Amino acid sequence: MSKALALVVVLFFVAFCGECYGELRFEFYKGKCGITDVEVVVRDVVKIWHTTKREKDIAAALLRMQFHDCFVNGCDASILLDGNNSEKKALPNSSVRGYLLIDAIKDALEARCKGLVSCADIISMAARDAVVLSGGKWYNVETGRKDGKVSLASNVNLPSPSISVSDSIKVFGKKNLSPIDMVYLLGGHTVGNTHCSLIQDRIYNFNNTGVRDPTMSQWLFSELMKKCPRVPSNKVDNPIPLDMKSPSFVDNSFFQEIQKGNGVLKIDQQLALDGLTKKIVGDIVKDPNFFTKFGEAMVKLGRVEVLTDGQGEVRTSCRVVNKKSFFFGLFN
């Protein structure tokens, strides 16, 4: 085949192929599973989990799962793989939940469209659906990811809750996420909890000064002292909502609260004070399109270092990599 003819074939394929898998796109699975709408299957399982299993905080769990997955080797569902030294075993991932829900979604999809939907896509779709069930607004999710085959605890290097704003911007920038994206994504802290052990220094001994973090409001200080005594009477590490005013709802109250000095984590509070992000926070508080822009930031997060056609695989079980097929073995 001549080079000219080959170029024509490639251009035709790119222009007209409705089954191309080379990149992420909206409605990637449309028409690929007969009359089954893949996104509806995911949504129904998340809704059942949210209502019948009474896991009202599932949005926080899945937002954290997606962030922790995408920031380590990209959005490839490597966080779901079991193993003695897998990402699940890394200390920063000890608080990640939602694995059983992902299993339930995968089972439902495999029963209808075997080997079609990747675990990486399930995480993104399920997180979106959980956001909607928690008061957020719908946003379209790009799909077409493949699942990774490597998961090592040693690869997990996530930003600390006490990271500076400037360093956080650098970390997000390496993932092609802007400072505005970063602020919106950290706004996911509108749901979910931290624990006393992670903020004890802010309450009682900030930077070894023997007193609280001066950026913390008196109201927040009083509330945290009730929940996190200076000397715990037992070994229970109490959970603390990251948004003390509306901890179960996805909204922009998180940004309103950090403007008042009510940010629970150091990085959250600094977003409202640091010159690099203060205006962004102020704009978000006044912006009626918060939900749209939060969704846009989540879509951008979902693009981080993805595997697409020719890379990775579609796992049969989200917990283990696939065994090599007979035909794969013949050609490798």
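**Salt bridges**

I started with the charged pairs, and the structure holds 20 salt bridges. My rule for a salt bridge: a side-chain nitrogen of Lys or Arg within 4 Å of a carboxyl oxygen of Asp or Glu.

Before going on, a note on the ground rules. This is a predicted model, so I keep in mind that local features need pLDDT of at least 70 and side-chain atom pairs count only at pLDDT 80 or more, while totals for chains, interfaces and linings use all residues. Residues are numbered from 1 along each chain as its sequence is written, and side-chain values use heavy atoms, with hydrogens and water left out.

I looked up D213 and R202 next: their side chains meet in a salt bridge at 3.0 Å, N to O. D213 sits in the loop between α8 (196–204) and α9 (218–227) and R202 in helix α8, so this pair ties together parts that are eleven residues apart in sequence. Helices here are DSSP runs of H or I with at least four residues, strands are runs of E with at least two, and both are numbered from the N terminus. Are D213 and R202 buried or exposed? Both are buried. For that I use under 20% relative accessible area as buried, over 50% as exposed and anything in between as partly exposed, with a 1.4 Å probe and protein chains only.

E223 and K226 form a salt bridge at 3.2 Å, N to O. The two residues both lie in helix α9, three residues apart, about one turn of the helix. K226 counts as exposed, at 63% relative accessibility.

K293 and D287 pair up too, at 2.7 Å, N to O. K293 is partly exposed at 35% relative accessible area, whereas D287 is buried at 13%.

I also noted a network of salt bridges that links D82, K88, D103 and R319.

**Helix α5**

I took the length of α5 next. I found α5 mostly covered, with 13 of its 15 residues buried. After α5 comes G135, with a positive phi near 100 degrees.

**Pocket and cavity**

I wanted the open space first. The largest pocket has a volume of about 960 Å³. The search ran on a 1 Å grid over the protein atoms alone: a pocket is an open set of points with protein on both sides within 12 Å along at least five of seven lines, a cavity is a set where a 1.4 Å probe fits but cannot get out, and lining residues have an atom within 4 Å of a point. Points are joined across faces, edges and corners, and a volume is the space filled by probe spheres set on them.

Which residues lie nearest the centre of the largest pocket? I got R64, H68, S95, H189 and N193, out of 34 lining residues. Elements that each supply at least two residues of this lining include α3 (58–70), α6 (165–173) and α13 (290–301). The largest share, six residues, comes from α3. By type, the pocket lining splits into 20 nonpolar, eleven polar and three charged residues. Here Ala, Val, Leu, Ile, Met, Phe, Trp, Tyr, Cys and Pro count as nonpolar, Asp, Glu, Lys and Arg as charged, and the others, Gly among them, as polar.

The largest cavity has a volume of about 50 Å³. Its lining includes Q66, S124, Y139 and R145, and divides into four nonpolar, three polar and two charged residues.

Most residues other than glycine have a negative phi, and I looked for exceptions. A77 has a positive phi of about 60 degrees. The residue sits in the loop between α3 and α4 (99–112) and is buried at 0% relative accessible area. N207 also has a positive phi, about 50 degrees. I placed N207 in the loop between α8 and α9, and it is exposed at 54%.

**S151**

Last, I checked S151, in the loop between β2 (142–143) and α6. S151 is buried at 12% relative accessible area. Neighbours within four places in sequence aside, S151 is in contact (heavy atoms within 4.5 Å) with S78, L81, N85, S86 and E87.
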